[in-house]
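Biologist: I would like to learn how to read the ligand surroundings in a model like this one. Please take me through it.

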Amino acid sequence: MKNILFVASECVPFIKTGGLADVVGALPKYCNKDEFDIRVLIPNYKSIPQKYKSQMRYKTHFYMDLAWRTQYVGVLEMELDGVKFYFIDNEFYFAGDKPYGEIYQDIEKFAFFSKAALSAMPVLDFRPDIIHCHDWQTGLIPVMLHDSFQNNPFYHGIKTVMTIHNLKFQGVWDKKTIQDITGLSSYYFAPDKLEAYGDANYLKGGIVYADMVTTVSRTYAEEIKTPFYGEGLDGLMNARSNCLRGIVNGLDYDVWNPETDPYIVNNYNAINFRKEKVKNKTALQEELGLAVNDKIFAVGIVSRLTDQKGLDLVDYVIEELCAPDMQFIVLGTGDPKYENLFRHYEWKYKDRVSANIYYNNERSHKIYAACDAYLMPSLFEPCGLSQLMSLRYGTVPIVRETGGLKDTVEPYNQYENTGTGFSFRNYNAHEMLNAVRYAKDVYYNHKREWNKIVDRGMAADFSWKASAGQYEDLYRCM
Ligand code: ADP
Ligand code: GLC
């Protein structure tokens, strides 16, 4: 039996800001339990819902030095769906309505969290063989493990995996402050270690010191070795390419299943979607105050509203996307310029545009179930889960061919009757618009073909089965 400890900044169902939480919440459930004991450690944020907080049990607490300060570290635990979870408790760092988002606070918060996670291991009654770190928030763990923790034999031989869910976010701050916060010696603040372009960089530290590095699709694993996608670390990604693997994310098919989904008005499946799916569309139209019309081509977006998601392309041709023969339903928060863009178009075209500028899990399920197509024109996309949710719900994805979108959506080929969605290659608004218009044409004028695209999408298997197997292989060989 191999013991694996996931350490991450978010995890479904406790706390989620994006796909990272979905992955951390699902993967442990789908690995072989006879061979791997996978547990998860996250912060005990104030914003975790009370229904979970009341199930947490106090395990222990201790005090930990963080540079010149001494900080309280509480450890809580609980079990859910057969997986054991640990929570690091500290009211100073983990208060606040949002789990994180202000980099000047987050830098110290996750230095604390990383050191607390390592320090807590001896009192968990669970010695990991492998610590699986996720994203920059846990990048200091492989570094610290290499450093002072080696004075304690408990840590000897523990291996680390660093998974990059998004190379854009690296946790960067000036060296002097980071040295002060972490207590790491100046040895680590050199360009072959934590330093990048004169600053300290948590993710870089993780990538340099982890035994294995993974990212969340094969294409993204290749892309980040190039300057365009490498976010300044492409040189490092090339240097570590022998230890870099791209493993595409899966989707938690127990949670994302149109046949059993408790949030949607009318359940359906791959056999009866032709008749049943549309009832979700008319119900949502009514709920959102859109014109109720079961025939109209409805396109959805559920997303962080940031440049990563290709929304400047949407901005550029939004009049055309809000054409009278379309409905456009957006759910998301983020950059005010995009929030206001969608608000404005909802105001302008009330009957066919709906801008839902907030975070709401239930509504996201309804949108995936209700829409005919799903638009995801990302500038870059490490994996993307939204397009997998769409495929599962018979909602045809329209994507740009990058990262995980390229690996999971097969473009429609009308001559060979293949494909699960529509795609375009260049980062160009009119290429995107052409893909949307092509989809619309097939939807309106070739309905049988459209339904076959849906058939193939719903039949595609992006459950965790295959991908969990690849993580298992990785753990085995470490
Ligand atoms: P990323 O992690 O880059 O944000 P992904 O496609 O991997 O992108 O995952 C995004 C996840 O967050 C999906 O599950 C999506 O449904 C969800 N999501 C994004 N915005 C919202 C929102 N406003 N309300 C509910 N769910 C959202
Ligand atoms: C990141 C990426 C997204 C990916 C998710 C989970 O947030 O932006 O593409 O699906 O992590 O790995």
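Modeller: Start with a term: domain bounds here come from an automatic or database domain assignment. Keep in mind as well that this is a predicted model.

Biologist: Which residues are closest to ligand 2?

Modeller: A residue counts as near if one of its heavy atoms lies within 4 Å. On that basis 14 residues surround ligand 2, and the closest are His165, Asn249, Glu381, Cys383 and Gly384. By class, that shell has six nonpolar, six polar and two charged residues. Helix 1 gives the most to it, with three residues.

Biologist: How do I read the polar contacts of ligand 2?

Modeller: Look for pairs of N or O atoms within 3.5 Å. An N or O atom in the side chain of His165 is 2.6 Å from an oxygen atom of ligand 2. For Gln308, a polar side-chain atom lies 3.1 Å from an oxygen atom of the ligand. Cys383 takes part through its backbone, where an N or O atom lies 3.0 Å from an oxygen atom of ligand 2. As for cover, ligand 2 has 310 Å² of accessible area on its own, and the protein covers 93% of that.

Biologist: Which domains supply the shell around ligand 1?

Modeller: Domain 1 (2-250 + 465-476) and domain 2 (273-462) each give at least three residues to that shell. Of its 23 residues, Gly19, Arg304, Lys309, Tyr368 and Leu385 come nearest. The classes are eight nonpolar, ten polar and five charged.

Biologist: What polar contacts does ligand 1 have, with Asp22 for instance?

Modeller: A polar side-chain atom of Asp22 lies 3.3 Å from an oxygen atom of ligand 1. Two further pairs use the protein backbone: a polar atom of Tyr358 is 3.0 Å from a nitrogen atom of the ligand, and one of Ser386 is 3.2 Å from an oxygen atom of the ligand. Ligand 1 exposes 560 Å² when taken alone, of which the protein buries 93%. The elements that give two or more residues to its shell are helix 1 (19-30), strand 13 (297-305), strand 14 (326-334), helix 15 (361-370) and helix 16 (386-392).

Note on methods
Residues numbered from 1 in each chain as written. Chains lettered and ligands numbered in written order. Predicted model: local features only at pLDDT ≥ 70, side-chain atom pairs only at ≥ 80, totals over all residues. Heavy atoms only, no water. Polar contact = N/O pair within 3.5 Å; in protein donor to acceptor, adjacent residues only side chain to side chain. Areas by Shrake-Rupley, 256 points an atom, 1.4 Å probe, with all protein chains shown as cover. Helix = DSSP H or I, 4+ residues; strand = E, 2+ residues; numbered from the N terminus. Nonpolar A, V, L, I, M, F, W, Y, C, P; charged D, E, K, R; others polar.
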